[in-house]
Amino acid sequence: MSGVSTLSTPDKPPVRSWLPTMLLLGAIWGCSFLFISVGVRELHPAYLALGRVIAGSLVLLTILAVKREALPRSPRVWAHNFVAAAIGSAIPWTLFGYGEQRVPSLLAGIWNGITPLVVLPIAVWVFRTERFTLQRVLGLLIGFAGMMVVLGAWQLHGGSDLTGQLFCMAAAVSYGVAIPYQKRFIAGSNLSGTALSATLLICSTVQLAIAAPILTGHAPPAPSSLSLQAIGSVIALGALGSGVAFVLNLRQIRLIGASMTSMVTYIMPIFAIVAGVLVLDEHLTWYQPVGAVIVLAGVAVSQGVVSTVRSRKRPKIAAEPEPAPVP
């Protein structure tokens, strides 16, 4: 694909063209919260994020070398990727690291579910790639109520847990700004997803290489001082969560748009919860999954999933057997 229209009418490709990729992204990013939780036991969140972007950059640069494909030369492309790198990787990955020092990985995964609630107003008001409707406003209000339930707003007393949840919420908000930004300024490029993703991760590497020593006040630890679990977490986060997943995510943005792509957060909390419970022996309080369901219900309403499914069940014409959740 050489470009993407930024009109308010989204593309409507067949479900089979994007659903398998969305499931794979949900699994990769859902399990990333587990790796973050393991990594921050030995690494400062900023250095964990730095290790992640370095690993991801190396993977994508290797792919480009094999394909004999060059990085972009346009200063404009690099400038937009520099912005997207900050709000879409350097900032949120560091914030999630800070958050998971204080809250379980599965709760961080649940907080990631608010991303579409941020994507929609940003896409409507800032980048003007989509439209607001009464249904979407209702969905946002439902989602906000769900956020309050996840927080346990009726019993908040401050402390580490609240701080950790606010870090995770801020990270999800940062994602919510990054997705429509990429849709508006990056996804329409005729460059390959691999080249654009490598550019973004290189920019993130530069940003975190400067910021990490300032935030921590010390140099990064030597790899020999880290356990195999910590090193493996950095590699997994970089190679899969940053390298492979970035290419797949940009493909999704080009194919189905920013809001639709952000609905991968329907799937991520499932993998995050399963991984947290089975691998890290984490536990949920009753209101956290209840709040997550309310948040996802709000996302479904705001994105028009419910109405779209119903409207596609009415016709008797045998066109597409699976309903595609299009905004």
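Figure 1. Helix H8 spans residues 193-216, and its 24 residues reach 33 Å from first C-alpha to last, close to the 34 Å expected at 1.5 Å a residue (the expected span is 1.5 Å times one less than the number of residues). Helices are DSSP runs of H or I with at least four residues, numbered from the N terminus. The model is predicted, with local features needing pLDDT of at least 70, side-chain atom pairs counting only at pLDDT 80 or more, and totals for chains, interfaces and linings using all residues. Residues are numbered from 1 along each chain as its sequence is written, and side-chain values use heavy atoms, without hydrogens and water. At Leu208, H8 bends by about 25 degrees; the bend is the angle between axes fitted to the seven residues ending there and the seven starting there.

**Figure 2. Arg68 in the loop between helices H2 and H3.** Arg68 lies between H2 (45-67) and H3 (75-100). Its phi is positive, about 55 degrees, although Arg68 is not a glycine. Most residues other than glycine have a negative phi. Arg68 is exposed at 80% relative accessibility (exposed means over 50% relative accessible area, buried under 20%, partly exposed in between, with a 1.4 Å probe and protein chains only).

**Figure 3. Asp281 in the loop between helices H11 and H12.** Helix H11 covers 268-280 and helix H12 covers 287-302. Asp281 has a positive phi near 55 degrees and is exposed, with a relative accessible area of 56%.

**Figure 4. Cys168 and Cys203.** Cys168 is buried at 0% relative accessible area, and Cys203 is buried at 4%. The whole structure contains zero disulfides, a disulfide being a pair of cysteine sulfur atoms within 2.5 Å.

Note on methods:
Helices (H or I, at least four residues) and strands (E, at least two) are DSSP runs, numbered from the N terminus.
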